[in-house]
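Visitor: Could you show me how to read a few features of a fold? I would like the general idea first, then the case at hand.

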Amino acid sequence: MSLIENTKCECGHQNAVGTVLCESCGKPLEEQKDTAELPLEMRYDGVARRSQKSNPNVIDRVWNFFSSVKIAIYLIVLTFLTAMLGTIYPQENTFVGNFDPAVYYEETYGLTGKIYYMLGLTHTYESWWFIGLLVMIGTSLVICSLDRVLPLYRALSKQQIRKHLQFILRQKTVFKHTIEGDTGHWAEQFGAQLKRKGYRVHRDGTALLAEKNRFSRWGPYINHIGLILFLLAILARSIPGFQMDTYVSVPDGDTVQIPDTNYYVKSEKFTVEFYKDEELPDKLKGTARAKLYETKAVLYECVSGCGDPTAKPELREVTRHDIVVNDPLKYKGLKLYQFDFDLTPRLNAVHPVLVDKKTGNVYGPFDLPMRDSAMQHKLGPFTLDLYANYMEFAIGDNGEPTTLSRDPVAPAFIFSVKGPGLDPAGEPYMYFPMQKDKVKFAQDTINKGIADKIEIRVDGMDNVDFSEASTHLNVRMDRALPYVWVGAVFSMIGLLMGSYWQHRRIWLRIDGSELSLGAHTNKNWYGMRADVAGALKKVGIAVDPKSLDNGGNNA
Amino acid sequence: MRKSRKTVQVVILIAVLLIGGYAIGTTLFADSDKGPLREGGTPPAFELADLDGNIRQLSDYEGKPVVVNFWGTFCPPCVKEMPEFERQYQKWQDKGLVVLAINLSEDTLTVNNFVHRFELNYPILRDVNRKTERSYGLKSYPTTFFIKPDGSIAEIKVGGMTEADIDERIERLLQL
C-alpha cells in the first residue's frame, strides 16, 4: 500500500486519506494556519469517508458520485422541481374510462396542453426519468449512509481515552483549571458525578472520557433505512399484481368479472336513500341529498373453466359485504369501494303464461330471459319455438325488423307456435314483454289471426325480473402498502432517535495539576455546558455555564 | 478489509442496476401499452369462441394479414359491411387473408339468425361481456383493425366503409 500523502500522526497512528482528526489521539491533521485557533470540525468524528481514496478507478468514481451529499441535495431538489411540473394539469391516471390523452389535453388546455402532453408531463410520476431520479436518490441514500456510518461506528467503538491536548482545548465547550490535592481522587469524584448524570465513564489514569446517548448518532441511518424501504415499496408497485386501481359496473343481480383477476363480484342489490326534507336544513330543502349508498356485494373466486370462452366459469363464494361509502369489501388485499351508481332499470327476464283463448286454459308460466333464452318452450299442448329476438325492436329502412341496440330497452320475441287449432307447421307470434311496446308496435295487429286464438302475457309484477339500478365500484389493490408503513415507522423511529437525544462526550486530562476539559455534542450546547458546570459544582468548582463557551457556530 | 469493501461496492452497484433497471424498464414498456391503440401498435391478444364453439386466438394467425372487424346486428353500417367482407374474403382468401368478425356480445340466437341470413363463411367470434371490445378501447361501431403479418396494426378504421374502401385497404395490407 503506497500512500502519496503522509497521514501518520505524531502519536504513531496511521490514518486513512481524508482523515481530519487523528483516529487515535484526536490531533488535528494537516491544517491551514488561519483556522488553527478555531474550534474543530467534529463531523463524523473527523474520520475519513470510506470513499475517499487516493487513486479512484471507475467503480470508485461512480461510488464517489453517489457518496456526495452535494449531489444528493441536487437530486432531491431536481426531483421536487419535476414533481411540481406534474401538478400543473391533471395526470392521465386521474381519468376514468375511455379517454384519449392525445386529444384531451389539446382540446381542454390548448397549445400549452399539447406541449404538456408532448413532453410526457401528463404521466410525470410514471415516466422513466422520474423513476430514474428516484432510483438515483435511493442509490445516493444507501451509499452516502454506508460511507459514513461504518467509519463513524468504528471511530466511536474504539475511542482513545487520553486525547491530544489540542483536541481537547479546541472543542466548543472548554474548561481549564488548576487542581489542588490528589488529581487521581479528583478525577474519580468528578467521574462519579458524571455517572449520576447518566454518562458512561471510562478512565485511564488521570485521563477521562464520559459519554452519553451514543445511540442517537444512529438515528439518521435508521431513518435512511426507512426511506429506502419506502422507496423500494413504491418502486415495487410496478411489479404486475402489486397494484390495481380499476372500476367495475354491476347491475343488480349480475355477476361481473373484475378485470385481470380471478375474482367475480355480484351485486345482490344497490340502494340509494335520500334525506327527507325535514331532515335537511332550510337552504337544502327540495334537493336530492344522498343519505346512503349501499351495494350488497358478494365476491366469488373462479375455480374452473376460468379462461375458457366456451365454458361458464365455476364460481365459489369467498366473502360478502354490504359496501357503503368508506366501508369497502376487503378480501386478501383487494378492496371494493362504492364509487357511483346508475338508477336506470333494466329488464332481465319475464315469466309469462300462454292463454288458450278458446278454452280459457292458462299454461305456464315459463322463463323468458331477455338474453340467451331456451330455444323451445313446451306449455301443455302448445310448443313455442323461438325464432328471433330483438333487444330494442324497430323496423329498419328496408322494412325488416331490426334492433337499435344490444340493451333490452324495447325487447321483442318472435315465436313459431304449434298446438291445438293452429297450423301444424307453426304460426308466427310476436311478443313484446313491455306494455308500452305492445301498444306502440300494435302487437295484436301484427299477429293478425293468431291473436284471437292465443295470448302470451305476464300476470303481475311478481313475474317480472328486473335490475333497478347498477352500482359502480372502484376496485383497488396495493400490496406495497404494508412495506410503505414499515418504512415509515423505521423512518419515524430514526427521526425521533436523532432529534430527541443528543450524543454528549466529555474528555479531560490532568497534566501535573493542570486540568484540561473539552466537551462535544451534536446539538443542544446549552445542555452540554449545563452538564459540565453541574458536575463541576458538585466537586466544588463553581463556574458559570456560559463561560465554558469556546466560540464556534451553534455554540 | 479493502477486498470486502470492494465486494460491498460491487454488490450494491449491481443491486442498483438490477432494481433501477427493472423499475425504469417497466415504465418504458408501460408507455407503449397505455392509452388507445394506434397504428404501428400491437393489438391486444384475445381468445374467443366461433359459432361452432372452436377457440380462436389472434396469435393463431401470426404471419398472416388479418382484418379484425367489430360488429353488431344493432349497427346498420356493420350490417351493411358484413356481406362486403364476405366478398372480399372470397377474393383475397388465396393470398392468405384472414377475416375475423367479432360480434359485440350479443346473444346466440341473434348472431346465428344474422349469419344464416347472409351466409357468411369467415369466422364469426363471440365476445363475452364486452371484454375484448374493452381491451381494444372501442368507442363506436363498426371499428376495423388491419393487422400486418408481423402482428402490428397497419390501419384502424372507425366507422363504416364502402366496399371499394375495404378493397383498397386490403390491397395495401397485402402488399406490406
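Predicted model: local features only at pLDDT ≥ 70, side-chain atom pairs only at ≥ 80, totals over all residues.

Visitor: How many bridges join β9(A) to strand β10 of chain A?

Guide: Residues are numbered from 1 along each chain as its sequence is written, with chains lettered from A and ligands numbered from 1 in the order in which they are written. Strands of a sheet pair through backbone hydrogen bonds, either parallel or antiparallel. Here, three bridges link β9(A) to β10(A) (residues 334–342), and the two run antiparallel. Pairing requires at least two DSSP bridges; strands (E, at least two residues) and helices (H or I, at least four) are DSSP runs, numbered from the N terminus. Opposite Leu329(A) you will find Leu336(A) of β10(A).

Visitor: What is the order of the open sheet of four strands?

Guide: The order is β4-β23-β10-β9 in chain A, with antiparallel pairing. β4 (243–251) and β9 (329–331) of chain A are the edges; each has a single partner strand, so one side of each lacks a neighbour in the sheet. On average, neighbouring strands of this sheet are turned by 25° against each other, direction ignored. Such angles run from 0 to 180 degrees between N-to-C directions, using axes fitted to C-alpha atoms, for helices over the stretch in contact.

Visitor: At what angle do helix α2 and helix α5 of chain B pack?

Guide: α2 (residues 76–92) and α5 (residues 163–175) of chain B pack at about 35°, their axes 10 Å apart.
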